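Trainee: I have a model open and would like to learn how to read it. Can we go through it feature by feature?

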Amino acid sequence: MRYADTRLGIVCPVTNEQATLEAFVGEVLAVCDGFAFADVKLFLIVDNTSTDNTLDLARELASPPPLSSVCCVWAPDNRSVADAYRRGYREAIQASCDWILEIDAGFSHRPEDIAPFFKHMAAGNDCVFSSRFARGAYFPRTALFRYLVSRGGTLLANRMLGTTLTDMTGGFECFTRRALQDILAIGIHSAGPFFQTEIRFHARHFNYAEVPIHYSAPSHRIRTKAISEALRGLWRLYKTKRGKTGI
């Protein structure tokens, strides 16, 4: 598919991003402008977890001029990070976006890393996933515990699920509308960060590529509850793979 024939949707949950949101939005849209898409819509998903003025700023950015590509989605019913992403996916699908890019705000995912996603999508892939562990990627060793959990989770997931991605636990990815609809139809059960592993597991039969990224400013805190949920979810997917249950 040519860029000029492609409607791009960008899903970006935002929480307490008042200090960096305007700059982040500007940089993301500047990268997209370089590809001359038929249309670009950036969906900023805001819910009750944000306690600063992020909502007001998102609404301001969504009011043209100058950034009429921005859509502010107020989602007070969200109960988890997975809810925020699912809401964004639905918005992009309903807007008939051909490609749907997922990216975190706050510059933990760098806008300058977006371009390779589009090039791999244009080459005919259904999904393009970021990797913090592939050759050329960067994960700050100052967040050593987070690195070990993410790296170990990837190795364990690949071993149990038969997947081969170098990063099974991160976000920052791009899908065709059809691929994302098929993944969502299978079902995303996790309310926590493990939903990213579910997505990558469900996408294993699609044509996909990986791109290395520079990951910045990760949270140093990982709740025990999130790890427990991830292990339960991994066991459930393992049983599904072995044909002992369905999704």
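Mentor: We will take the sheet, then the helices, then the salt bridges. Keep in mind that this is a predicted model.

Trainee: In which sense do E4 and E6 pair, parallel or antiparallel?

Mentor: Compare the directions of the two strands. E4 (residues 99-102) and E6 (residues 173-176) pair in the antiparallel sense, over four bridges. For a specific position, take Glu 102: its bridge partner in E6 is Glu 173.

Trainee: At what angle do H1 and H2 cross?

Mentor: Take the axes, then the residues between them. The axes of H1 (residues 21-33) and H2 (residues 54-61) cross at roughly 35° and come within 10 Å. The crossing is right-handed. H1 contributes Leu 21, Glu 22 and Val 25 to the contact, and H2 contributes Thr 54, Leu 57, Ala 58 and Leu 61. By type, the contact residues are five nonpolar, one polar and one charged.

Trainee: Now the charges. How many salt bridges does a search of the whole structure find?

Mentor: The search finds 13. Arg 86 and Asp 83 meet at 2.8 Å, N to O. They are three residues apart in helix H3, so about one helical turn separates them. Arg 86 counts as partly exposed, because its relative accessibility is 21%.

Trainee: Which parts of the chain does the pair of Arg 132 and Asp 167 link?

Mentor: Distant ones, 35 residues apart. Arg 132 is in the loop between E5 and helix H5 (144-161), and Asp 167 is in the loop between H5 and E6. Their side chains meet at 2.7 Å, N to O.

Trainee: Are Arg 132 and Asp 167 buried or exposed?

Mentor: Both are buried. Also look for shared partners: salt bridges join Arg 7, Asp 98 and Arg 177 into one network.

Methods:
Residues numbered from 1 in each chain as written. Predicted model: local features only at pLDDT ≥ 70, side-chain atom pairs only at ≥ 80, totals over all residues. Heavy atoms only, no water. Pairing = 2+ DSSP bridges. Axes fitted to C-alpha atoms, helices over the stretch in contact; angles between N-to-C directions. Left-handed = near helix turned anticlockwise from the far one by under 90°. Contact = heavy atoms within 4.5 Å. Nonpolar A, V, L, I, M, F, W, Y, C, P; charged D, E, K, R; others polar. Salt bridge = Lys/Arg side-chain N within 4 Å of Asp/Glu carboxyl O. Buried < 20%, exposed > 50% of the residue type's maximum accessible area, 1.4 Å probe, protein only.
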